[in-house]
Amino acid sequence: MAFLFIYLFFRGKWLSFLEFDRLAWLNLKFSPHFFGAKFSPHIRDPERAERRPSPRYSQADILVQPKLSAAATPMSSPSYPATAAAVKLPCYSPRSRLHHSRTPKPVVSFPSSTPSPHAALAVNARGARRLVAASAAAAGHRRLMGSLTNTEGLKFGVVVARFNEIVTNLLLQGALETFQRYSVKEENITVVSVPGSFEIPVAAQKLGKTGDFDAILCIGAVIRGDTTHYDAVANSAASGVLSAGLSAGVPCVFGVLTCDDMDQALNRAGGKAGNKGAETALTAIEMASLFRHHLS
Ligand SMILES: Nc1c(NC[C@H](O)[C@H](O)[C@H](O)CO)[nH]c(=O)[nH]c1=O
Ligand SMILES: CC(=O)[C@@H](O)COP(=O)(O)O
């Protein structure tokens, strides 16, 4: 009896009439939805996922996701690829072989040529799980990505607002330290000071159009006051930096804090929430390298 039980259990027949088979349960147990993406054996061991029963999925099942949600991204750094493929595979429960309309259980498989697959989880409104592989599933594509290590010869403009200088000086310091850490030469960095964040975009555009810079880093701190002035300045700075980059054809990186109070701002200028100046300097390096080496 015990052997029969074990046999049925491991054949996946156990309780299949209740739609609760061993594989379905294992899938749930090991699902990243349950324990967080980094504990998922399918993610940790892509080859294991590869070895699972051959799925019946077509190219149409591979959804290219332009963006990973921050919460679901195991490594959310500018240096990780933004493209991802979500692969839908069929459910392995015995019942589902008869009822293909059931929501498929997701497993990601990575091509063996994928150098370092990063995976993340996307959960839709119904709670159906879908694994998102940050490395594209299709082989043979070209992936262009800036490098953080090959910074030789890259030139940067930094536009920094003096308004809320106590904050922007810290952001600038973080950015300059990052440039130094990533071997950007001091003589390749030009810092332009402007009165406030509202003035950043026009200066960024002007710098970009000189053609002398690979990227422009824009630094400012907009802190909410009593009136709606905050919204005007914050929105103008954001859309202005975007337009500057688009019109100059040079990456203009948004390192402008938009905070409710000074505490929030200081926390992001070297306090407990890191230094956004340093973070955005990394983005500037990656974008500069991307444009210099791949998109020019
Ligand atoms: N309130 C903040 C400003 N305001 C100043 C504007 O940016 C601008 O200089 C002025 O309106 C003249 O055009 N700037 C910030 O950077 N941060 C603020 O919180
Ligand atoms: C965002 C600002 O410009 C801010 O200093 C304005 O403060 P207030 O709204 O109190 O005038």
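**Patch and ligand shells**

Reply: Happy to! In this predicted model, Ile166, Leu170, Met262 and Leu266 make up a nonpolar surface patch, with about 300 Å² of accessible area together. Helix H7 (165-181) and helix H10 (262-267) are the elements that give two or more residues to that patch.

Me: Why is Leu266 called partly exposed?

Reply: Leu266, which lies in helix H10, has 31% relative accessibility. Buried means under 20% and exposed means over 50%, with partly exposed in between. The value of 31% falls between those cut-offs, so Leu266 counts as partly exposed.

Me: Thanks! On to ligand 1: which residues surround it?

Reply: The shell consists of Phe163, Asn164, Gly196, Ser197, Phe198, Glu199, Ala221, Val222, Ile223, His229 and Val233. Strand E7 (215-223) and helix H9 (229-248) each supply at least two of the shell residues, and E7 has the largest share, three residues.

Me: How do you know that Glu199 makes a polar contact with ligand 1?

Reply: The cut-off for a pair of N or O atoms is 3.5 Å. A polar side-chain atom of Glu199 is 2.5 Å from an oxygen atom of ligand 1, so the pair qualifies. Polar backbone atoms also take part: one of Phe198 is 3.0 Å from an oxygen atom of the ligand, and a backbone N or O atom of Ile223 is 2.9 Å from one. Of the 430 Å² that ligand 1 exposes when taken alone, the protein buries 76%.

Me: What makes one residue in the shell around ligand 1 charged?

Reply: By class, that shell holds six nonpolar, four polar and one charged. Asp, Glu, Lys and Arg count as charged, and Glu199 is in the shell, so Glu199 is the charged one.

Me: And how do you know that Thr227 makes a polar contact with ligand 2?

Reply: Ligand 2 has a shell of Phe163, Val222, Ile223, Gly225, Asp226, Thr227, His229 and Tyr230. A backbone N or O atom of Asp226 sits 2.7 Å from an oxygen atom of this ligand, and a polar side-chain atom of His229 is 3.1 Å from one. For Thr227, a polar side-chain atom is 2.4 Å from an oxygen atom of ligand 2, within 3.5 Å, so this is a polar contact. The protein covers 71% of the 330 Å² of accessible area that ligand 2 has on its own.

Technical notes
Residues numbered from 1 in each chain as written. Chains lettered and ligands numbered in written order. Predicted model: local features only at pLDDT ≥ 70, side-chain atom pairs only at ≥ 80, totals over all residues. Heavy atoms only, no water. Near = heavy atom within 4 Å. Polar contact = N/O pair within 3.5 Å; in protein donor to acceptor, adjacent residues only side chain to side chain. Areas by Shrake-Rupley, 256 points an atom, 1.4 Å probe, with all protein chains shown as cover. Helix = DSSP H or I, 4+ residues; strand = E, 2+ residues; numbered from the N terminus. Patch = residues over 30% accessible without salt bridge, like charges linked within 9 Å, V, L, I, M, F, W, Y side chains within 5 Å. Salt bridge = Lys/Arg side-chain N within 4 Å of Asp/Glu carboxyl O. Buried < 20%, exposed > 50% of the residue type's maximum accessible area, 1.4 Å probe, protein only.
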